[in-house]
Amino acid sequence: MRNLILLLGDQLDPAISSLAGADPARDRILMVEAEEEGRYVPHHPQKIVFILSAMRHCAEGLRGRGFNVDYIKLDDPANSGSLDGELARARSRLQPERILLTEPGEWRLLDRFRQRQADWPELTLLPDERFFCSAEWFANWAAGRKQLRMEFFYREMRRRSGLLMTPEGQPEGGSWNFDQDNRKALPAGHPVPAQPHFPMDAITCEVAALVAARFADHYGQLEGFDYPVTHADAEALWQRFRQQGLARFGDYQDAMAVDQRWLFHARIAAALNIGLLDPRRVCLDVQADWQAGLIPLNAAEGFIRQILGWREYVRGIYWLLMPEYAERNAFGNQRDLPAFYWTGKTRMRCMQQAIGQTLEHAYAHHIQRLMVTGNFALLAGIEPKQICDWYLAVYMDAFDWVELPNTLGMVMHADGGYLGSKPYCSSGQYIKRMSDYCGGCSYKVSEQTGARACPFNALYWHFVMRHREQLGSNPRMAMVYRNLQRMPEAKQQALWQWGEHLLERLDAGEML
């Protein structure tokens, strides 16, 4: 045979570089369900079902195109449990002229296969061309810059792609972003789009039973799985969002509401990340909807910025700085992740909501992750690796290249400000402003110290005080430190002491 093509579980795009020019008559495809990939962090059971079911559906589609697909299932008695172990078995059995693999999206796998190339000269690693920006282009853009800023990267990507640009090379609407229009809380009683449902077919049911048996020790609910696992279903989800959610995405992208999991979010990140949808075409669809007058500019720009801006930016940083980046811990945080992150058992209603829906659906939108679960982890001084591993484990769309920079850099500011110019942290007042979580909470967001006080309040000022030396000269923190300076000494001491009390309770394993 000519080529053996190893197709990974997040490479299900039919246009992936490893399949370019593939000949069904002379090439063979290898797909592997590897136990190791489900366990290097305790991935949410629904995430494992999503990837394995999508892989099996993809294999059926490839066979329908005439390809020979060697598909190694998780419960195959001969399965070695690792990707490279199964590739070694296939190599020995088939003796291909070449082995083709699109570069994996995680450093640990790319490093492993690069090491294999020393022993397997026929192994060829191909670039992943599904992104707007290559790692090489990003590295050239970043060269010589002491700090990187997404806003300037995003502007360059707009120019390169032509998205939302005038013929004269200016941003449509005269502004690069309309973020000031995209910070609305959801009014009480405001209707939200109904979500499409994707009943489990026979393949998904078989996978779910296997995952229930093999990963019973993992956190997260398996029942209620409701995600698209085929290109057709992912497309249906996307078209439904275009029709019902996109127009209000800009206004309410940062909003949070009790028992409202999806709001005006697309839920397509997981499908994008494994290749069920094409990010370029998605952005072109959004631009077309704006040009047709179907959606306002703030919605179009806000959505495109998430994909063309943040998604590409964090990937660029990941490949620029790994593997050293994963070890950064600018604040020296050492506190263990509280147990309630795995159970949702806490008296803080905002954390109940964000963690509860995460365990139930493997999903929370970006503000729930950044300003609720992430904010608490930052204020409490959680060790970055522990919270990074948690995000990687529990979210359907979490893959190392996108999760690690977002969590370590944006959530935890553990890279010292390389990715973002300031820590994204707040007291309970931000959560009150952007949600209805505070109503009915066991704590009072209006109180700062004492048994009834919202823990976010004292922990916020404790964080500000304990990191004054590192953050006091940050221009974007200047107002915060001016407010602290104006605060009476007695109040500062009370906040510090109550913050210490809360942290001591965390260290003792208590639930807040």
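Predicted model: local features only at pLDDT ≥ 70, side-chain atom pairs only at ≥ 80, totals over all residues.

Residues are numbered from 1 along each chain as its sequence is written, and side-chain values use heavy atoms, with hydrogens and water left out.

Rings. I looked up the aromatic pairs and got 29; Phe, Tyr and Trp rings (six-membered ring for Trp) pair if their centres lie within 6.5 Å, with planes under 30 degrees apart stacked, over 60 edge-to-face and the rest tilted. I picked F241 and F303, a tilted pair with 5.5 Å between centres and 35 degrees between planes. F241 sits in helix α8 (residues 231–244) and F303 in helix α12 (residues 297–321), so this pair ties together parts 62 residues apart in sequence. Helices here are DSSP runs of H or I, at least four residues, and strands are E runs of at least two, numbered from the N terminus. Both F241 and F303 are buried, meaning under 20% relative accessible area with a 1.4 Å probe, protein chains only.

Next, W390 and Y395: the centres are 5.8 Å apart and the planes at 85 degrees, so I logged the pair as edge-to-face. W390 and Y395 are buried too, and both belong to an aromatic cluster that also includes F340 and F456.

Valine. V32 lies in strand β2 (residues 27–32) and is buried at 6% relative accessibility.

Definitions and conventions. Buried < 20%, exposed > 50% of the residue type's maximum accessible area, 1.4 Å probe, protein only.
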